Amino acid sequence: MTNKSGSAVEMINLQRIFGDVKALDGLNLTIKPGQLVALLGPSGCGKTTALRLLAGLDLADGGQITVDGRDITNVPANKRDMGMVFQAYSLFPNLTAVENVAFGLKVRGISEEIRIKKAKELLDLVGLSREANRYSHQLSGGQQQRVALARALAIEPKVLLLDEPLSALDAKVRTQLRDEIRRIQLEVGTTTLFVTHDQEEAMAMADLVGVMSNGKLEQIAAPDDIYANPATAFVASFVGAMNRIPAKLSSGKVEFLGQSVKYGGGSSATTVVALVRPESISVTPTKVNDSKSGTVIARSFLGPQTRLTVKTHEHGTHLHVDMASSDALELTAGTNVSLTITASTVLTDADGKN
Amino acid sequence: MTEQIQSRNVVAAIPNGGDSRSRRQTSNLRKNLFDYSGLIPFFVFATLFIGGPTFAVIFNAFLSNEGSWTLANVQLAFTDVYYLSLLSSLKLALASASTGVIFGLAIAYGVAISGKPKLQKIVSTASGVFANTGGVPLAFFFIAAIGNYGLVTVGLQKVGIDIYSGSFTLFGFSGLVLVYLYFQIPLMIIVVYPALEGIKSEWREAAVNLGASKALYWRYVGIPILTPAVIGSFFLLFASAFAAYATANVLTQGTIPLLPLQVGTLVSGDVVADQANVGFAMGLVMIVVVGIAMTFYTYLDRRASRWRKR
Amino acid sequence: MNKNNSSTVTAKPGLGLNAWMIAGLLFFTVPMFSAFIFSVQVGDGTYTLGAYRRMISDPGFGEALWISARLAILTVAIAIGIMVPTVTWLHIRAQRAKRIVEFITLLPLIIPPVVIALGFLGSMPLWLKDSVYMLVFAYVVLSMPYTFRSIDTGLSAIDVKTLVDAARGLGASWRQVMVSIIGPNIQSAIFGAIFLTVALVLGEFVISNLLLWSTLPVWMALVGMSDAEGAVALSVMSLVFVWLLLMLLSSLNRRRKVRVNVGGLS
């Protein structure tokens, strides 16, 4: 709980090849001291490989990793001072919670008195002082992961590595632990790399979210930025809900639903798919049947918001529209509505990738 | 059976009026009795053919020739040739179990980390088969291989190696240890393999990640996790060697005193008249020794499997 | 692929493992092959199946085989007849009694066969002691650990209680439930139990030898006193048969994904 400043991490042009699959294809990633960076992507995108290379559990086929400017690319894993939290089942079953937490200090030759004291402090930090003497089979999944977090932090790591630590837990425990991990990370100030396939988790916890695909970083930015200004069609589709609407591209404008919006990037063919968030469409009841109207075919009440499913008259596309529940009272199924795009720019994707 | 079912349904169908509580208790009692009634054939069989013989052994062990209670038989079992046979049986079981543990563990470990599913499947099937290969045929297999006129013995003699030049003999202690390995090693592989398989790669990675060298990982995590399973297996192997009879009977023809063979001799009736019941006393000793070993095995196996659960 | 030898990369056993495997392979195959060659070799370089012919045509062989076969059939019948209903009953009605029943079935692993023989002599009535069929009861006892485990594993793999309730609810009688619901569902477990029991009976030496019945192994040991080739030939035949049974069993288990831990039949 000392290194408030944390370490700086830099991955430069990392390559990792398994057989003929490029797990990492020139990854570049910079993490500033104390930042929590989440790597987000579908399975097989290379995010876990990146984490394991940083931990030293796997070695790169090319490229360089530095921590605080020092090249650690070929430093063995047990000399890297990285604290890692695994998906699950990583606690040593023959040791109690407190012995697990003290393990890293034990192998560093720190006296029993000091390491037990420190381990207890950390168990306290994760809220498990009372479970100190339990074995992993006597702890719930969530408790096991808390102990694993305390164990990783005990060695005062230069970087904290979280390898989908919440994926094996129940939904409720997951949200709770997610907030807690972030609180603790901010408290100890350790630079953290977090790998997940759950965008909600990444958005809720990270300073920066890096979206990966095919061994490359597609975009790295703050969560709100990633959501509002996705750099590529992949990021746009992967993060948050997205409508895919048939469109035409002409002279820098994307034309669809009888409207034209500024082209924000993506596919530049003439026939494209416009990517529009459900909250970037507004609806008003109308009697007119034209290219910018459609029929409400379903509505689901989600609390403060209501999600409508609208079938467009033009192509019969099904669109999701999110709106405040108070505004949606009269928009029952069967209502004819006119659709207005409120986004100032839209991204496009190549046609036919539905 | 059908009638009982129907009568039970009738009981359950009585409306819960009046003294419902005691009525429910009666019906619970009847239900319990009914629940266990299906086990009657098993319990009758077990009482007659496990309980009876066991009781007879224990009872006779403390009975003198004149029919009075005595400790003389048990005392006698710890003297002279009887005591020697207990000692050599314990020695044989110890030697056979420890070598079986070492070789079995080495093979199982090699196979477990090999990462070759095909090899793992072959070894597991073969172990199941060989672990059940004992008895008379096994003795003759080894006689054919390394007996006085065995193929290996004769073959090696031709190139100038005489396996009988030293103290080794197939028909003595060293031979029995070797022959028993034929079922002990596979037995060890079968019982220890799940423990080796249960070692998660996360544990090794976590240890390394926390700064442990390979040696420290084994010292603090790997060995402590495997220890209960290995020691437990030792006791199972010990019990299996201690109780084995057939192979030893064929190979040694009684040249070395072993407890099961002694008991056997007394069963077949070549016995000094006033020592008729000492056989039962030795039988009791065998039950106690094997019982202790199996208790340790069960306890340690349960401990080891607790760690495997999650 | 790895640029240097990190302690973290999965261990790659090289020569060490291979040496172990070859030593192990030799230890387990040399006695087998020696036995086979020993049984077909006459003097130097001539091979004949004479020993096998001699054994099979010996009247003692037929008698011993007939005794062992009768014992095997009766043991299987009684062991399956008791254990299948008992274990099924444990699953559907009396789960609480499972531990005690399992403990009892495991007792024969604690009481060595030689002591069981002793106990039978000390407790059975004379008319039964005079009959070869007393061995059947001893063998059923010896087979219990394996039959129980096999059938229990088979039943655990299916949801017996639900199946029985469903069948009963649809109006099936108990006999129908056993024959057409439970039976087919644990078929491979029952076959497994049968194979193990047959292997056990055919290999059992201690009890029959002590009770002076000339079963196959007892006769084999007797032959061995005077005719080594003949005894080895018999050993080869009997072990090949038992191995076939066990291999059939393990392939059966693999297909059904049911693991039966076989061990320590000796």
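This is a predicted model: local features need pLDDT of at least 70, side-chain atom pairs count only at pLDDT 80 or more; totals for chains, interfaces and linings use all residues.
Residues are numbered from 1 along each chain as its sequence is written, chains are lettered from A and ligands numbered from 1 in the order in which they are written, and side-chain values use heavy atoms, with hydrogens and water left out.

**View 1. Chain B meets chain A.**
Here 20 residues of chain B are in contact with 31 residues of chain A. The two chains bury about 2300 Å² between them, with 65% of that area given by carbon and sulfur atoms; buried area is the accessible area (1.4 Å probe) that two parts lose on being put together, summed over both. Look for A:Arg52 and B:Glu205, whose side chains meet in a salt bridge at 2.6 Å, N to O. The term stands for a side-chain nitrogen of Lys or Arg within 4 Å of a carboxyl oxygen of Asp or Glu, and the rule finds 1 salt bridge across this interface. There are also 8 residue pairs in polar contact, both residues at pLDDT 80 or more. A polar contact is a pair of N or O atoms within 3.5 Å; within protein, one must be able to donate a hydrogen and the other to accept it, and residues adjacent in sequence count only if both atoms are side-chain atoms. On the side of chain B that touches chain A, the elements giving two or more residues are helix H10 (201-209), H11 and helix H14 (278-308) of chain B. H10(B) provides the largest share, 7 residues. Helices (H or I, at least four residues) and strands (E, at least two) are DSSP runs, numbered from the N terminus.

**View 2. Chain C meets chain B.**
In this view, 81 residues of chain C are in contact with 83 residues of chain B. About 7200 Å² is buried between chain C and chain B, and carbon and sulfur atoms give 78% of it. C:Phe28, C:Trp89 and C:Leu118 supply 9% of the area that chain C buries against chain B, more than any other three residues.

The whole structure holds 30 aromatic pairs over all chains. Rings of Phe, Tyr and Trp (its six-membered ring) pair if their centres lie within 6.5 Å; planes under 30 degrees apart count as stacked, over 60 as edge-to-face and the rest as tilted. B:Phe49 and C:Phe137 make a stacked pair, 4.4 Å centre to centre with 5 degrees between the planes. Because B:Phe49 lies in helix H3 (residues 40-61) of chain B and C:Phe137 in helix H7 (residues 134-156) of chain C, the pair joins two chains. B:Phe49 counts as buried at 9% relative accessibility, and C:Phe137 as partly exposed at 21%. Buried means under 20% relative accessible area, exposed over 50%, partly exposed in between (1.4 Å probe, protein chains only).

**View 3. Charges over rings in chain A.**
A:Arg151 lies over the face of A:Phe92, 4.7 Å from the ring centre. The charged end of A:Arg277 sits over the ring of A:Tyr227, at 4.0 Å from its centre. The rule asks for NZ of Lys or CZ of Arg within 6 Å of the ring centre and within 35 degrees of the ring normal.

Key
Contact means heavy atoms within 4.5 Å.
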